[in-house]
Each structure stands twice: as C-alpha cells, then as structure tokens.
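Hi,

Here is the structure I said I would pass on. Have a look at it first, and my notes come after.

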Amino acid sequence: MQWESWSAFWQMGGAGVYVWACYGLTLALIVAELVLVIRRRKDTVTRLLRWRRAVGKDVGGQGARVESVE
Amino acid sequence: MLTVFLAVLRRDLLLSWRGRADLLVTLAFFVIVVCLFPFGVGAETNQLRAIAPGVLWVAALLASLLSLHRLFAQDHADGTLEQLLLSSEPAVSWVAGKVVAYWLTTGLPLVVAAPGLALLFDVEQGALPVLTFSLALGTPILALLGAVGAALTLGVRGGGMLLALLILPLYVPVLIFGAGAVEAWLGGTGATAHLLLLGGGLAGALALAPWACAAALRIAME
Amino acid sequence: MTNERMTNPDNPPGRSPTSWLRFAAPQQFYPLAGRLAPWFACTAAVLTVVGLYIGFFVAPTDFQQGEVYRVIFIHVPAAWMSMFIYLVMAFWAAVGLVMNTRLSFIMSQALAPTGAMFCFVALWTGALWGKPTWGTYWVWDARLTSQLLLLFLYFGFIALTRAIEDPRRADRAGAIIALVGAVNVPIIYFSVQWWNTLHQGASVSLTKAPSMASTMLAGMLLMSIAAWMYSIAVALWRVRALILERERHTEWVGEVLEAEGRAR
C-alpha cells in the first residue's frame, strides 16, 4: 500500500488539485457521454414512433411496406 | 483533356476579369490584415522584423480562405457544374482548370503583394525572394486543399464557417514550412530544405487534390 | 430486451451458414450490437477498477515527479485512443467508399464523438500534468500541438457530417474529409516536430520518459484496454440509434419500434 492515510491519498503529495481535476473531468465527460448516448436512443425511438403514427402506421398494425431504402 | 482544362481556365479567368472588384477585395483584405499587426503588437522594429514571416503567411492563408466558398458556388447555382459532371470529359481536368484559375486570380496577387508588405516590416531585402518563392509554392497548395473543402461544403448551410473549420487544420504544415523558409533564411541555415518540402507538398497536392475534389463534387451533386 | 423480435424472420440468426459478413447488413448488426455492447461496457468497467487500483495503490511513487505522474493512467490511454479512433474512423470511411456499405459510414460517425472526447481528455490532463511538472499549462511541443490539431480534425468531421442533411451525401463527404485528414495526420505530426526543433522556445524535454516501474506500465496498459472497450461499447450504442434513424422506412425497424413502444 502506497498511502499512510486517506488524507495523504487525497492530497497526492501536494498535487491533489491537478490529479483530481484530471480524473474528475474525465469521469464527468464519460458520464455525460453515456447519458447522451442513452438519451439519444430513447429520443430516436420516441420520435420515430411519433413519426410512424403520423405517417399512418399504427401500433400493432400491419404496416404497409413503404419504399425501402435499399 | 488539355483542351477542357484550357477552356475552363480561360472561361473562369474571363468571369473573374468581369468581376474585378471581387478580386481586389481579397488583396485588400490581405493588406489590411497585415497592416493591423503593428497596431496590435507595437511598432518596435526588431519585433516587427521577427514576426513578419509569420504575419504575412497567416494573412495570406486567411485571405485565400476568404473567397474559397465561392469557388464552385456560382457554377452550382446556374447548373454549369451539373453539365460539367455529366459531360464525358474527365472531371479532374476541368476541376484542375478551375483551381488554377482560382489561384491565378486570388493567390498570385498575394504572392506579388507580399514583398512590398514585407518592406513595411523592415524585413531584410535578401529574404524577399525567399518569401515570394515560398508563397508561390505554398499558395497553390492552399488553393488545392481549399478546393476539396469547398466541394465538400458546397450548398451546405453555414458552409463558409464550416469550410474554415475543415480546412484550417490542414493548412498548418504549409504555414510551418512557408513561414519557416523565410525564418530559416534569416537565421542563416538556408531555406532549401523548407522550399523542397513545400515543393514536394505541392506535387503531392497536385496529384491527389483534384481527384478528391472531383469525387467530392460528384457526391455533392448526387 | 426482445432481441428475438428484432431479427428478420426470413433469416434466422445464427443458423445461416453465410459468413460473418452478413452482419454488414444493418438489420443483422442492430441486434448484434445490442447484445455485445453491455459486455464491452462491463469489461471496460472491470478493467478500469483494476487499472485504477493498480495505478493508485500498487504503483510506487515516481522518484522524479512524485505523485502527479498518476495522471498518466488516463492521459496516455486517452491520447492513444484519440489517435487510434481517428485511424479506425478513416478505415471505416475507406471501406464505406470502396465497398459501398452503409454500416461502415455509420460506424465512422459513431466513433467520432468518442474520439474527440478522448482527444480533449488527453489535452486537459496534459495541461494539468504540465503545470506542476514543467511550471506551465501548455508548451508548444510537437505532441501537444499535434493533439490539438487532431481535435480540430475531429471537430471538422463532426461538423461536416452534422451539417449535411442528406445522409447519403453526409456519409460520403464525411468519409472524404476523414481520409484527407488521415493522410494529413502524419504530415502534420512531421511538420510540427520539425517546427518544434527549430524553435527552441520551450526548454522542457518531453522525450525523456522516466523509467517506468512494471506496475505503472501494467496500470497504464489495463486502462488503455479499458478505454478501448469503452469506446467500442459507446460506438455500438450510438450505431444502434443511427441505424434506427437511417432505416426507419423498413419493416424490421417498424417491428423494433413497436416492440419498444409496447415495452414502455
């Protein structure tokens, strides 16, 4: 074990501000990215469901095959 | 292939000549940006001398970006571009013709004006040919790379800003070698290596950029 | 998740003798990505925990830099990943242009935000590491400068693909700029290095890496693999959203959407 106490761990030999700012920002960015990715998928599904209803393909209906993208 | 190149070149030069005022804008922009620097950093001669190559090069780079988004815009708007793409001639030849015409009308004036502006910064006279030569080798690379960017952003909303974002990072090596050539000459190490690298860059850009540009235009017109 | 519902009834998954290439079809890839992504994410989480434990509690104090060096466990993986992701992006762009596969373009666009994120992390941690070790947040060193330009290349790619509304054109235009950027990355690196050796402005020598204890190296490698797994997981999740968006006219997406709609 490298540290005598938890406070020594948080202080990082006097460089705590720098080290924790690095790890903090990285964590924040990763969390933000994950949230955005998950939200984006949910938004896409909601939007596309609304779009399908607007176009006239109901839930559970035998949606007529519109033009395929291929 | 050569006839197409020459025909497009002559046509674009003629069009530019009819709209001469636009060309002067690029040149005026270059001169004004260069003249702003002494106000910003102070008119101390040694300092001006030290920053001159960089200032001239950055200003040339910005000036060549200024009218880039119009390179294909007019032809796009009036349908010429579509006709050109549909024609049986290889796209590379007329794309090259357009880029050369663009460089002659926007790049060449900068090359000619730069030595005069360098005198305002009290640059050693011996360095002026190096400056001119580096710009003469470097600005065509800027035009070639810029043409790819202009083709990619053709007709896209906010195209002008987007073009700057796409192209400016790619301009960095040209800036480094171009301004570096003058600085190396002033520093006494000789500018040969820099100029050779710029020449190599120009050869590479000439070989690759027209193809990329033609591909980008085809994508844009699909 | 109702993965079974998402697959095409004409082509049951896993039974067909065709090669793995069939996953190049978005319809096949969508459920596959959904199944794989959590595994990559879990691997990334486990490796991160182990890597950070080694980094903070096992690896010794660096005798030159003290404790600040512990930033290395995110700095180096982030820098590696940002460069690697750009190459992978360019690779998928090239595959897309040559083989004309929609999924390749979607892959390259799904990777870009993560690459830009890692690029920014590398710059940020580099700056904060630089302050206590060199006394300044930033030096115009070749590596830092190239990293900055790489970030601009990412921004350009993302901005271009978002600005073009027609997805077909956005795909191809993005692919071209990714390839042009990839050709330029070595040139940029070389030119910046050249420029840096001529301007002896910064008196900091960055090339002299401190000799690393094997535990430090182990922590760094684990964190790098974790970053890699994380990138794959996030890219796969992003690919799923993009596929739904692009393939919204097809029947199978309709089924997926209905299933999702009922589950809510």
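Below is what I found, chain by chain and then contact by contact.

Before anything else: this is a predicted model, so please read the rest with that in mind.

Chain A is quick to describe. Its secondary structure comes to two helices and zero strands. Of its 70 residues, 16% are buried.

Residues 47-68 of chain B come out as 91% helix and 0% strand, with 32 Å between the end C-alpha atoms. For residues 100-121 of chain B the figures are 95% helix and 0% strand, and the end C-alpha atoms are 30 Å apart.

Now for some helix packing inside chain B. How do α6(B) and α9(B) cross? Helix α6 of chain B (residues 91-120) and α9(B) have axes that come within 9 Å and cross at roughly 105 degrees. An angle from 65 to 115 degrees counts as roughly perpendicular, so that is the label for α6(B) against α9(B). On the α6(B) side, the residues involved are A91(B), V92(B), V95(B), A96(B) and V99(B), and they meet P210(B), W211(B), C213(B), A214(B) and L217(B) of α9(B). By class, this contact has ten nonpolar residues, with no polar and no charged ones.

Next, the contact between chains B and C. It takes 21 residues from chain B and 24 residues from chain C. On the chain B side, α7 (127-152), α8 (159-187) and α9 (192-221) each supply at least two residues. The most comes from α8(B), with ten residues. Sorted by class, the side of chain B that touches chain C has 17 nonpolar, two polar and two charged residues.

- D122(B) is not a glycine, yet has a positive phi of about 60 degrees. This residue is in the loop between α6 and α7 of chain B. Is D122(B) buried or exposed? D122(B) has 12 C-beta neighbours inside 10 Å, so it counts as exposed.
- N100(C), also not a glycine, has a positive phi of about 60 degrees. The loop that holds N100(C) runs between α3 (72-99) and α4 (102-134) of chain C. N100(C) is exposed because 10 other C-beta atoms lie within 10 Å.

Cheers

Note on methods. Residues numbered from 1 in each chain as written. Chains lettered and ligands numbered in written order. Predicted model: local features only at pLDDT ≥ 70, side-chain atom pairs only at ≥ 80, totals over all residues. Contact = placed C-beta atoms within 7 Å. Helix = DSSP H or I, 4+ residues; strand = E, 2+ residues; numbered from the N terminus. Nonpolar A, V, L, I, M, F, W, Y, C, P; charged D, E, K, R; others polar. Buried ≥ 20, exposed ≤ 12 C-beta atoms within 10 Å, placed from the backbone. Axes fitted to C-alpha atoms, helices over the stretch in contact; angles between N-to-C directions. Parallel < 35°, antiparallel > 145°, perpendicular 65-115°, else oblique.
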